[in-house]
Amino acid sequence: MPVSQHVDVVVVGAGIVGLAHAYAAARRGYKVALFERTNPAVGASIRNFGQIWPVGKYGPLLQRSLKSREIWLDVSGSAGLYCLESGSLHLAYHDDEMAVLEEFCARFPESHENCQILSSTEVAEKSQAVNMDGLKGALWSRTELNVDPRQAIREIPAWLERTYGVQLCFGTLVTDIALPHVQTTAGQWQAERVFVCSGADFETLYPQEYAASGIQRCKLQMMRTVPQPDHWRLGPNLCSGLTMLRYDSFAQCESLAALRQRIESEMPFYVQHDIHVLLSQTALGELTIGDHHEYGMTFDPFDREEINHAILRYLNTFAHLPTVDIAERWHGIYALIKGKTELILHPAPGVTIVNALSGAGMTLSFGLAEELFSA
Ligand SMILES: Cc1cc2nc3c(=O)[nH]c(=O)nc-3n(C[C@H](O)[C@H](O)[C@H](O)COP(=O)(O)OP(=O)(O)OC[C@H]3O[C@@H](n4cnc5c(N)ncnc54)[C@H](O)[C@@H]3O)c2cc1C
């Protein structure tokens, strides 16, 4: 007979959303059990850049991202995780890119007090990686953090267990929830509350609710180089004009229309595959490079090298690196609802689904979990 156990809170899924909710509950003194189908978790969270990216947010989401940032710094300090206060540079090589960056700074001075426009000389002082040829200037933001998702997603569960007594049930699928009963492949548990943080699995739990929500999936291709030689360090995370088209914060700028128009006419392949290029570095010196975006419910399982080539070509326009010798290629899949920043559902009393944080789960999950537990 399976053992029946009782806890206050069950969390389903040990990606970043589940970890953030387990942390928020455990820190408040609740008895928590964390269930994860695989061992370790290998969903979107371990496959991402590990960038905490407040500069991409505005309004309440900026506040949420700054709260997350604060928690990442606390958790990393306590758990002994790599967490670099790297900041970021958005690099401008065209007048229309510079116009967006200048409007962004002028338009949101109070919400983006951590940002400033740098001249090309000032950029050179911040980063040895930037291609100075034709550089007009950059937006420097000091808020971005760089964590190593492979370390963080593997080690935060053990830290939660050590620090707060969270019960880890890895390699265990949650198959049904009818509170107070939670049915799993390792027997039945009992709980007062359940947070379902199941990422891109919309079929196992509450499939009807997911189907009605408009949720879908997004596939992204990624690469990682070998460690850079001679302890070379990247410094701030880097990106350029394509990234200005992606993030909510720039969407408010009127000057974005001209940039979008030029990119649509000059770079149709990038627009078609929704490519923008971010660059960050791990503790071991490897560079993480990506990505494109493909939307749907089921994807071709095979990655496309022409997309990786396009990513590397664009990278080469703004970064000069000691080596771009690629050691690893992979893709990740996250959940999203177009036009929404997250999905929160209450399919039954005591049950909360938290999902569809789109491309910002690392940036927003800790802050969102705090909000849900404080409400
Ligand atoms: C390539 C890539 C790059 C990205 N870069 C960034 C970035 O730099 N910064 C940023 O903020 N965001 C980034 N994101 C987005 C971020 O990774 C996602 O928003 C986030 O990982 C989603 O977390 P999650 O916990 O919802 O999903 P997941 O990490 O996929 O976790 C869900 C977990 O639930 C488990 N599960 C599902 N159903 C059950 C069940 N019934 N029982 C037990 N376990 C179950 C799954 O096994 C899985 O481990 C990126 C995403 C990708 C793919």
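I looked up the burial of Glu370 first. At 9% relative accessibility, Glu370 counts as buried (buried is under 20% relative accessible area, exposed over 50%, partly exposed in between, with a 1.4 Å probe and protein chains only). The model is predicted: local features need pLDDT of at least 70, side-chain atom pairs count only at pLDDT 80 or more, and totals for chains, interfaces and linings use all residues. Residues are numbered from 1 along each chain as its sequence is written, and side-chain values use heavy atoms, with hydrogens and water left out.

Which residue does Glu370 form a salt bridge with? I found Arg28, with the closest N and O atoms 3.0 Å apart (a salt bridge needs a side-chain nitrogen of Lys or Arg within 4 Å of a carboxyl oxygen of Asp or Glu). The pair links distant parts of the chain. Glu370 sits in helix α12 and Arg28 in the loop between α1 and β2, 342 residues apart (helices, H or I with at least four residues, and strands, E with at least two, are DSSP runs numbered from the N terminus). Arg28 is partly exposed, at 31% relative accessibility.

**Other salt bridges**

I searched the whole structure and got 20 salt bridges.

I checked Glu328 next. Its side chain meets that of Arg150 in a salt bridge, 2.7 Å from N to O. This pair also links distant parts of the chain: Glu328 is in strand β18 (residues 326–336), Arg150 in helix α5 (residues 149–164), 178 residues apart. Glu328 has 33% relative accessibility and counts as partly exposed.

Then I took Glu286. It forms a salt bridge with Arg224, and the closest N and O atoms are 3.9 Å apart. Glu286 lies in the loop between β15 (278–281) and β16 (287–290), and Arg224 in strand β13 (residues 216–225), so the pair ties together parts 62 residues apart in sequence. Are these two residues buried or exposed? Both Glu286 and Arg224 are buried.

I also noted a network of salt bridges. It links Asp96, Glu97, Arg262 and Glu266.

**Aromatic pairs**

I turned to the rings. A pair of aromatic rings is described by the distance of the centres and the angle of the planes. The rule takes rings of Phe, Tyr and Trp (its six-membered ring) with centres within 6.5 Å; planes under 30 degrees apart are stacked, over 60 edge-to-face, the rest tilted. The count by this rule is 16 aromatic pairs.

Tyr30 and Phe373 have ring centres 6.3 Å apart and planes at 45 degrees, so I logged the pair as tilted. Tyr30 is in the loop between α1 (16–27) and β2 (32–36), Phe373 in helix α12 (residues 361–374), 343 residues apart. Tyr30 is partly exposed at 36%. Phe373 is buried at 11% relative accessibility.

Tyr314 and Phe318 have centres 5.7 Å apart and planes at 70 degrees, so this pair is edge-to-face. They are four residues apart in helix α11 (residues 305–318), separated by about one helical turn. Tyr314 is buried at 7% relative accessibility. Phe318 is buried too, at 0%.

I found a cluster as well: ring pairs link Tyr23, Trp72, Trp159, Tyr164 and Phe366.

**Charges over rings**

Which residue lies over the face of Phe373? I found Arg193, at 5.2 Å from the ring centre (the test puts NZ of Lys or CZ of Arg within 6 Å of the ring centre and within 35 degrees of the ring normal). Lys338 lies over the face of Tyr295, at 3.8 Å from the ring centre.
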